[in-house]
Amino acid sequence: MAFSAKPYCSTTTKPPTPTTHLSPSLSVRAAASARAPRSAHGLSAAAAGKSTPSIFRLRAFAQRIRASQQQQRRRPEYVPNRIDDPNYVRIFDTTLRDGEQSPGATMTSAEKLVVARQLARLGVDIIEAGFPASSPDDLDAVRSIAIEVGNPVEEGAHVPVICGLSRCNKRDIDAAWEAVRHARRPRIHTFIATSEIHMQHKLRKTPEQVVAIAREMVAYARSLGCPDVEFSPEDAGRSNREFLYHILEEVIKAGATTLNIPDTVGYTLPYEFGKLIADIKANTPGIENAIISTHCQNDLGLATANTLAGARAGARQLEVTINGIGERAGNASLEEVVMAIKCRGELLDGLYTGINSQHITLTSKMVQEHSGLHVQPHKAIVGANAFAHESGIHQDGMLKYKGTYEIISPDDIGLTRANEFGIVLGKLSGRHAVRSKLVELGYEISDKEFEDFFKRYKEVAEKKKRVTDEDIEALLSDEIFQPKVIWSLADVQATCGTLGLSTATVKLIAPDGEEKIACSVGTGPVDAAYKAVDQIIQIPTVLREYGMTSVTEGIDAIATTRVVVTGDVTNNSKHALTGHSFNRSYSGSGAAMDIVVSSVRAYLSALNKMCSFAVVAKASSECGDCAVLFFGKIAPLA
């Protein structure tokens, strides 16, 4: 039997091939795989069952093969305007810039730094850390990432390029350079619109003026000492081809090292976008001196397909975000693009990336918690149902061989399940067992963070017979993945029902350690509790979104709450594309077995995030008045 493409793309194992075509050693491997228990995959499954010398030899052989493949696929040395291996594709992650433009996805500087460190572990080639000219806080965040993530911590460790976005003007470019220049490999990414509709109605400039501005600003960025400059013709998908070739030729002459081709409004179809990349590669003079990149929005649900079409047509940098977050319908999803290349590389001319896919699950969860944007259950690769099988026919196939309905092993993206390890946590579990579970789930936290988490774990374990992986992750998110604590919750007590008004009493710990108590009534216990919090903190806010979900089934499940709030003051943040100031929204999440406690934790998380931004505003002379409005009731201005 011949297969036209691999039916199973796990790096852990391959699907069985008819025995008549197998060599003796491969027959043994297939037989071992067939005997594996259903909770594991391939060789790892065999090891989980009865361990025999032949199985150990097979495991060692498979590990040597994988190590040899990894050695052959080593990441090429970074040179801004060329890639020595024509099959290597750079992954440009813009989660911290384009992804953060999603409503409610605001992250603090500390949260951005944590995500940037994880992106470096994931192995992305370029991190677009933000839009430095948009606000003092964004500039500080990008600078911190450039210093701490953009420089080697140990010899031989992967160091990503740190990039800052700018419009085609000197002020933006100066801010971007000030932020990224501290990195070992800094990059400035500048853009200007090139479609007729944008030039006429937004820029109100002629094509000749746009070319002149692009050429001058790319040259200016290079003159600052930045060796790596990326240029994007905004709305390239709807731009005139001949004009595109011309402006790209001019910016290459001016020193651009990467040419990013954005489908800004997600308008093109895959064959159109692939042809656009191919045409640019064939018709732009000097294109051999630059890298072609893609940036695809998901307005028609085609961002991943368009990105892959661009890669197949010759693009060697792909701009993506974790979980596909971004403006409007989002961007091409890193996990989808990377796993498609890994899974179907033979149909993409042997393309490969430097991504360590086993960090995908942890990175996805981290971005969900810090951004407040949770993925839908059926999201490809990282959704809760991505590796779930409920249909009887599917379950029958999975019980017989997992390759029947899973083209990717959960192990390949770092997804683990409780029943694969046998450790069941409860109220008698000690620190060692809990810490082991965290390691199995892929979380590395400090000793202090672990002690804080363990205290919360014990509180839940006293009330639940069994603490699941989902409970662990919800508690970890609520305890560790939170903004800097300014106000903390001490106690909350609420009464409600049909016999009278709902009331709530809340005790908070202020930034100076003082305890503050307030009581309030409301339409329900959560409303009453939120009004009590407002009485204490006295920051004018508007609750934009409120949602609650159950982490697991059962009446004793942990409840996770997500809220989005906005303040009454417009800060100096600017939209990357329009340049207009906007009022930031702040998301917060909380988890507890009591829904009122969970709700208050989420509300405080959002308010703490808002306060963190206010602290930065207070420190900036450009936004001193803003700090008074936010912090006048918390701490006097110096």
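**View 1. Helices H11 and H12 cross at roughly 45 degrees.** The axes of helix H11 (residues 303-313) and helix H12 (residues 334-343) come within 10 Å; axes are lines fitted to C-alpha atoms, for helices over the stretch in contact, with angles from 0 to 180 degrees between N-to-C directions. H11 and H12 are therefore oblique to each other (under 35 degrees is roughly parallel, over 145 roughly antiparallel, 65 to 115 roughly perpendicular, and the rest oblique). The crossing is right-handed, the near helix being turned clockwise from the far one by less than a right angle. This is a predicted model, in which local features need pLDDT of at least 70 and side-chain atom pairs count only at pLDDT 80 or more, whereas totals for chains, interfaces and linings use all residues. Residues are numbered from 1 along each chain as its sequence is written, and side-chain values use heavy atoms, without hydrogens and water.

**View 2. Leu543, Tyr546, Met548 and Ile595 make a nonpolar surface patch of about 340 Å².** Patch residues have over 30% relative accessible area and no salt bridge, with nonpolar side chains joined within 5 Å. Strand E12 (residues 541-550) gives the most to this patch, with three residues. Leu543 lies in strand E12 and, at 40% relative accessibility, counts as partly exposed (buried is under 20%, exposed over 50%, partly exposed in between; 1.4 Å probe, protein chains only).

**View 3. Glu148 and Ala183 are 8.2 Å apart in space, C-alpha to C-alpha.** In sequence, Glu148 and Ala183 are 35 residues apart. Glu148 belongs to helix H5 (residues 136-148). With a relative accessibility of 42%, Glu148 counts as partly exposed.

Conventions
Patch = residues over 30% accessible without salt bridge, like charges linked within 9 Å, V, L, I, M, F, W, Y side chains within 5 Å. Areas by Shrake-Rupley, 256 points an atom, 1.4 Å probe, with all protein chains shown as cover. Salt bridge = Lys/Arg side-chain N within 4 Å of Asp/Glu carboxyl O. Helix = DSSP H or I, 4+ residues; strand = E, 2+ residues; numbered from the N terminus.
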